[in-house]
Amino acid sequence: METTLTGLDGLLDGFAETHREQQERFPAPEPAWQPVHTVYVPADRVTSAVVGEWRHEATELLHRLYFTPAELAAAFGLDPLLAAPVHDRVRRKLGVEPIEDLRIDFEDGYGARPSEEEDRHAESAAAAVAAMHADGTLPRRWGLRVKSFADGDPRRSIRTLDGFLTEVMRRSGGLPAGFVVTFPKVLMEDYLRQFARCLEALESTLRLDAGTLRFEMQVEAPQTVLMLQRSPDLVASLGGRLAAAHFGVFDYTASLGLPPGEQRLDHPACDHARHVMQTALAGTGVELSDGSLAAAPASESADDVQALLQRHSQTVSHSLSHGFYQGWDMHPSHLVSRFTTVYAFHLECYERYLERVRAWEERRAASGGVLDEPATVKTLAAAIARADRALC
């Protein structure tokens, strides 16, 4: 091949450093298992039986209202062909693993308490975790949400985390796998770095390997959204400690002045915040999670329960369609609508995505004459891998 440049000397000066920076800022790791939800339970209500209690209540609801696949399909508008496999998976999931990610809440769901009372609940929650670990019921991912530094008392936040971890490790002989801590109301960027330094110090005092303690930041204020937009080096500056970003719908919509009836997960203002999260954190390896529907059934009547679960299913579907594959569940009834909607979403697309990937590999058009681009095929493959993990 004939070329015209006589050489590239000087033209690519600095390339190696730029490429190294790219790999550090955007490591783009292979997709790993991610929970489909995070269950929030106030710290004073956490016992070693919490997983079993949620399993029992959700299973009882499934059997009472959706005992057959046809009843489930009618309630959630499922494709009749998906009704049986979805129903079977929901039933088995509730029996085997009703909670994939448990977060013990010391913030909004817990409230301000006297210091001695919060100390006691940190110890009792740690005892519950150790007991769950001992009997094999501790969820694959678990942790706590501490109070925000924005409240003006970071020492209380770190004291709870320290006491909780110390007691868990004392009772369990080490830190059980899957731990993460949630850091709320990040109004100032420096709060993230200060919290990361506290985690590093705790690792040292608890004799944990470097990098063991990682955290999730909550995106629940306009200031945090702007922070993500203006700080391209934020993730790298935290030394690998930022594991995830979780959207907080109610604080966010309230801070924008939206009326209570519009403080909902599928409001356009929330779509904007989620899209900023996706844009700012793409390729960094930081997981994304949506928020919650903070509502329980108005009563035990079938109509009230179904109305609540249908609304919850709508918000889960909205999250999934926007590329958020995890959300928060605040009530045992949410497990039924969460797993039903997630399984239906993945099963509906699975075979179609497989066919498109095979067509790409065989250098032919997929059904309907679709000619996929490499980036789309990569996304399809990731979606298939995600479905495999969710459906197993």
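A residue counts as exposed when its relative accessible area is over 50%, as buried when that value is under 20%, and as partly exposed in between. Keep these cut-offs in mind while walking through this predicted model.

Start with R207. This residue sits in the loop between α7 and β5, and β5 spans residues 215–219. Is R207 buried or exposed? Its relative accessible area is 76%, so R207 is exposed. Its backbone deserves a look too. Phi of R207 is positive, at about 60°, although R207 is not a glycine. Most residues other than glycine have a negative phi.

Now step to the other loop with a positive phi. K185 lies between β4 (179–183) and α7 (189–206). Phi of K185 is near 45°, again a positive value in a residue that is not glycine. Here the accessibility tells another story. K185 has 15% relative accessibility, which is under 20%, so K185 counts as buried.

Together with L8, L11, L12 and F15, L5 forms a nonpolar patch on the surface. The accessible area of these residues together is about 550 Å².

R389 takes us to helix α14, which runs over residues 374–391.

Finally, look inside. Rolling a probe the size of a water molecule over the atoms shows where empty space is left. In this structure, one cavity of 30 Å³ or more turns up. The largest cavity has a volume of about 50 Å³. Its lining is made of 13 residues, and the closest to the centre are L265, G291, V316, S319 and R338.

Which element gives the largest share of that lining? Helix α12 does, with four residues. α12 covers residues 302–321, and β8 covers 327–329; each supplies at least two residues of the lining. What kinds of residue surround the space? By class, the lining of the largest cavity has seven polar residues, four nonpolar ones and two charged ones.

How values were computed
Residues numbered from 1 in each chain as written. Predicted model: local features only at pLDDT ≥ 70, side-chain atom pairs only at ≥ 80, totals over all residues. Heavy atoms only, no water. 1 Å grid on protein atoms, 1.4 Å probe; cavity = no way out; pocket = protein on both sides within 12 Å on 5 of 7 lines; lining within 4 Å. Points joined across faces, edges and corners; volume = space filled by probe spheres on them. Nonpolar A, V, L, I, M, F, W, Y, C, P; charged D, E, K, R; others polar. Patch = residues over 30% accessible without salt bridge, like charges linked within 9 Å, V, L, I, M, F, W, Y side chains within 5 Å. Areas by Shrake-Rupley, 256 points an atom, 1.4 Å probe, with all protein chains shown as cover. Salt bridge = Lys/Arg side-chain N within 4 Å of Asp/Glu carboxyl O. Buried < 20%, exposed > 50% of the residue type's maximum accessible area, 1.4 Å probe, protein only.
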